[in-house]
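Biologist: I would like to learn how to read a structure one feature at a time. Can we start with a single residue and work outward?

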Amino acid sequence: MSEFSKAQASAEPQPSEVEPSSTKSAVVVLSTTAGIGERLDRFLATALKAHGVEVSRTQVQRWIALGAVQRQGAEEQVLGAAYRLKGIEQLEVECLPREADDSFAPDPVALDVVAQSPDWLVINKPAGLVMHPGAGNWRNTLMNGLLHHYPESQALPRAGIVHRLDKDTSGLLVVARTEAARTHLIDQLAQRSMGRLYLAWCAGWVTEHGSAQGSIGRDPRQRLRMAVTAQGKVAHTEWLRLAKSRDASSPASWVVCKLHTGRTHQIRVHLAHANHPLLGDELYRGSMHIFKRQALHAWNLHFIDPSDGQLRKFEAQAPVDLQLGHSAVFGQELESMLAAARSDVGIAATLQGWLK
């Protein structure tokens with residue numbers, strides 16, 4: 001094992017207060033310049049101890065399996081235990097509490113599998129389902145459901161989950177079933193060749209076609225929120241307005257959002273920053289009058305199939321709660337308005353470009 005120098009690592013916050021029995025997580029940021037060629041789990045077990053975190057290699061492997069170790073870059077990449085360090089990585093390690101030790105386990109969580117192949121699954125996630133274990137939700141997550149229905153997924157970090165939806169966001173996501181497919185899909189995220197379109201309902205009348213590129217990071221005033229901040233990571237959201245409400249006293253817009261990056265709460269943050277918070281999004285001060293959760297649905301997903309290079313496209317109808325909310329705001333059924341919007345030449349041209 002290469003010698004690890006404290007001078008080659010930084011921590012946010014300093015991890016000297018992190019103990020294995022702690023009930024809270026702490027984040028440590030490490031440089032890997034001293035670990036060229038090392039297996040990730042072996043490197044971390046030694047590097048974290050040198051940095052004041054007493055942890056066994058077995059515990060490090062559990063953290064890795066839960067996706068608590070990420071490589072920073074244009075897109076965060078969750079790494080596997082056997083990953084060999086190149087010496088140029090910046091790693092973010094979430095030091096998990098003892099409650100996490102038994103969370104990488106199968107639970108009979110119902111999964112709505114839209115399509116599958118030997119390499120991937122496309123799942124339509126309901127609102128209210130947590131993606132993977134974390135504080136307050138150490139079991140019965142989508143990840144635990146994957147471990148139950150697809151036992152082979154235990155060989156993959158986060159059981160093959162490559163991108164995330166917030167707990168109260170519904171819709172489509174892709175899960176890898178092999179390490180080769182996981183790497184391929186992660187590369188597509190980084191290269192922007194995976195397409196993700198969201199239906200969103202927000203306050204006010206937004207411009208017909210707009211874009212937000214403010215960097216996103218933790219809100220220093222409210223740690224549960226993210227915010228547009230100069231210290232954040234580059235983020236880019238584009239939107240297209242499908243309709244606006246007629247009531248000027250309570251204006252609202254229905255939009256399609258395209259993700260060019262995948263930051264935490266990205267659409268919610270960018271629209272709130274533009275003074276158009278999602279309806280029902282209490283965390284970002286959205287109106288709770290009609291919608292009882294953030295009015296956001298992962299509507300369309302497309303990616304290159306790792307096995308044959310073909311483009312796979314999927315679309316998920318908005319769930320009943322969003323359809324009812326839509327009718328209350330616009331006075332018409334969602335699907336009929338969506339069909340009308342798609343017949344609009346300008347909207348159709350933009351959507352076609354986004355779906356390539």
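Biologist: Is Gln188 buried or exposed?

Modeller: This is a predicted model, and the values are computed from it. A residue counts as buried when its relative accessible area is under 20%. Gln188 has a relative accessible area of 2%, so it is buried. Gln188 sits in helix α4, residues 179–191.

Biologist: Which residues is Gln188 in contact with, leaving aside its neighbours within four places in sequence?

Modeller: Those contacts are Ser193, Met194, Phe303 and Ile304.

Biologist: How do I read the sides of a helix?

Modeller: An α-helix has 3.6 residues a turn, so residues three or four places apart point the same way. Take α8, residues 345–354, where Ile347, Thr350, Leu351 and Trp354 are buried. These four cover an arc of only 95 degrees around the axis, which puts them on the same side of α8. Val345 and Gln352 are exposed, on the face turned away from that buried side.

Biologist: What do the buried residues of α8 pack against?

Modeller: Their partners are the strands β9, β10, β13, β14 and β15, together with helix α7.

Biologist: Which residue caps the N-terminal end of α8?

Modeller: Asp344 does, with a side-chain oxygen 3.0 Å from the backbone nitrogen of Gly346.

Biologist: Now salt bridges. What is the general idea?

Modeller: Side chains of opposite charge can pair when their charged atoms come close. This structure holds 16 salt bridges. In one of them, Asp281 pairs with Arg268, and the closest N and O atoms are 2.8 Å apart. Asp281 lies in the loop between α5 and β15 while Arg268 is in helix α5, so the pair ties together parts 13 residues apart in sequence. Both Asp281 and Arg268 are buried.

Biologist: Where do Arg342 and Glu315 lie?

Modeller: Their side chains meet in a salt bridge at 2.5 Å, N to O. Arg342 is in helix α7 and Glu315 in strand β16, so this pair ties together parts 27 residues apart in sequence. Arg342 is partly exposed at 34% relative accessibility, and Glu315 is partly exposed with a relative accessible area of 40%.

Biologist: Which residues are linked in a network of salt bridges?

Modeller: Arg39, Asp41 and Arg57 are linked in this way.

Biologist: And the chain as a whole?

Modeller: The chain has eight helices and 16 strands. Its radius of gyration is 21 Å, close to the 21 Å that the globule rule gives for 356 residues, so the chain is as compact as a globular protein of that length. Buried residues make up 53% of the 356.

Conventions. Residues are numbered from 1 along each chain as its sequence is written. This is a predicted model: local features need pLDDT of at least 70, side-chain atom pairs count only at pLDDT 80 or more; totals for chains, interfaces and linings use all residues. Side-chain values use heavy atoms; hydrogens and water are left out. Buried means under 20% relative accessible area, exposed over 50%, partly exposed in between (1.4 Å probe, protein chains only). Helices (H or I, at least four residues) and strands (E, at least two) are DSSP runs, numbered from the N terminus. The arc is that of the directions from the helix axis to the C-beta atoms. Contact means heavy atoms within 4.5 Å. A polar contact is a pair of N or O atoms within 3.5 Å; within protein, one must be able to donate a hydrogen and the other to accept it, and residues adjacent in sequence count only if both atoms are side-chain atoms. The radius of gyration is taken over C-alpha atoms; the globule rule is 2.2 Å times the number of residues to the power 0.38. A salt bridge is a side-chain nitrogen of Lys or Arg within 4 Å of a carboxyl oxygen of Asp or Glu.
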